[in-house]
Each structure stands twice: as C-alpha cells, then as structure tokens.
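Please have the sequence and the 3D view open as you read.

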Amino acid sequence: MGLFNTILQKLGFMKDKAVEAVAGETVAAAAPAAADAPAAAPETVDVVAVCEALAAKNPQKLNWRTSIVDLMKLLGMDSSLANRKELAKELGCPENLIGGDYSQMNVWLIKAVMKKLAENGGKVPEELK
C-alpha cells in the first residue's frame, strides 16, 4: 500500500475490505432482495472536520493545513524526509523539487495531497488545494 493510500485510510476514505465483505455477506443472507438494490453512494469525507477532530485530541499544536510534516504527524505517520520523498514520487512531484530545496517539495506535497483528497471524494476547501 502506498503512502497516499495510508493517508486515505487514516482519514476514513477506505473501509476495511474484510469487514465490509463479512458485513455484506451477513446483510445479503438476511435480506437477499437488498443485494439487488443499487449500491449506496460513498460517503464524502470532510477532511477539515476529521483533521480538526484529530488535532483537538493531539497534545502538539500541528499546522496540518500548510505543513505536510504536521499532517503526517497528525495521522500518526512517519514524517521523515525519506517518507516525504516517497510520497512526493508517488504523487508525481517534479524531480527538481525532490532532489532540491525540501521546503519547496513540502509546499508542493501538502497542496498535492489536498488536491488528491478532493479528487478521491474528500471535501477540501479551495484554499487548501
């Protein structure tokens, strides 16, 4: 699983497929007609609300809106340079930013992550993209 998928999972975009499969079989067995019904639309994840709730529980004051390091810390991820470089490569960051000024890579990364969250159905304010 890539680092971006880990971000999606930690923000609630992805459900545990094994749990869903078992739950789906139980529901289908209990109500076979419901199995023929159209699938419900995926729930939109309010990224700001989820992050604010996590930040309220975190003892550190993390600036997750503008810092990829703080966002990764907020989500309980390793925010090391190696992981940020890996995430940057995964999201298609220009090579000159990955091998150059890391502050520029970090700025690119937080914007790219927010944009990608929106593309995956997340509710993300325009100013964060």
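An axis here is a line fitted to C-alpha atoms, for helices over the stretch in contact, and angles run from 0 to 180 degrees between N-to-C directions. Helices (H or I, at least four residues) and strands (E, at least two) are DSSP runs, numbered from the N terminus. This is a predicted model, in which local features need pLDDT of at least 70, side-chain atom pairs count only at pLDDT 80 or more, and totals for chains, interfaces and linings use all residues. Residues are numbered from 1 along each chain as its sequence is written, and side-chain values use heavy atoms, with hydrogens and water left out.

Two packed helices are described by the angle between their axes and the distance between the axes.

| Helix pair | Axes come within | Crossing angle |
|---|---|---|
| α5 and α7 | 10 Å | roughly 55° |
| α1 and α7 | 11 Å | roughly 60° |

A crossing is left-handed if the near helix is turned anticlockwise from the far one by less than a right angle, and right-handed if clockwise. α5 passes α7 in a left-handed crossing, while α1 passes α7 in a right-handed one.

Which residues of α1 and α7 meet? F4, I7, L8 and L11 in α1 are in contact (heavy atoms within 4.5 Å) with V113, K116 and L117 in α7. On the α5 side, L81, R84, K85, L87 and A88 meet Y102, M105, N106, W108, L109 and V113 of α7.

In α1, the buried residues (under 20% relative accessible area, with a 1.4 Å probe and protein chains only) are L3, F4, T6, I7, L8 and L11. Their cover includes β1 (45-46), α3 (47-57), α5 (81-90) and α7. After α1 comes G12, with a positive phi near 95°.

A nonpolar core is a set of buried Ala, Val, Leu, Ile, Met, Phe, Trp, Tyr and Cys residues joined through side-chain atoms within 4.5 Å. The largest one has 34 residues, and I68, L71, L87, V113, M114 and L117 have the most contacts inside it. α7 gives the most to this core, with seven residues. Leaving aside neighbours within four places in sequence, V113 touches F4, I7, I68, L71, L87 and L91.

Key: Buried < 20%, exposed > 50% of the residue type's maximum accessible area, 1.4 Å probe, protein only.
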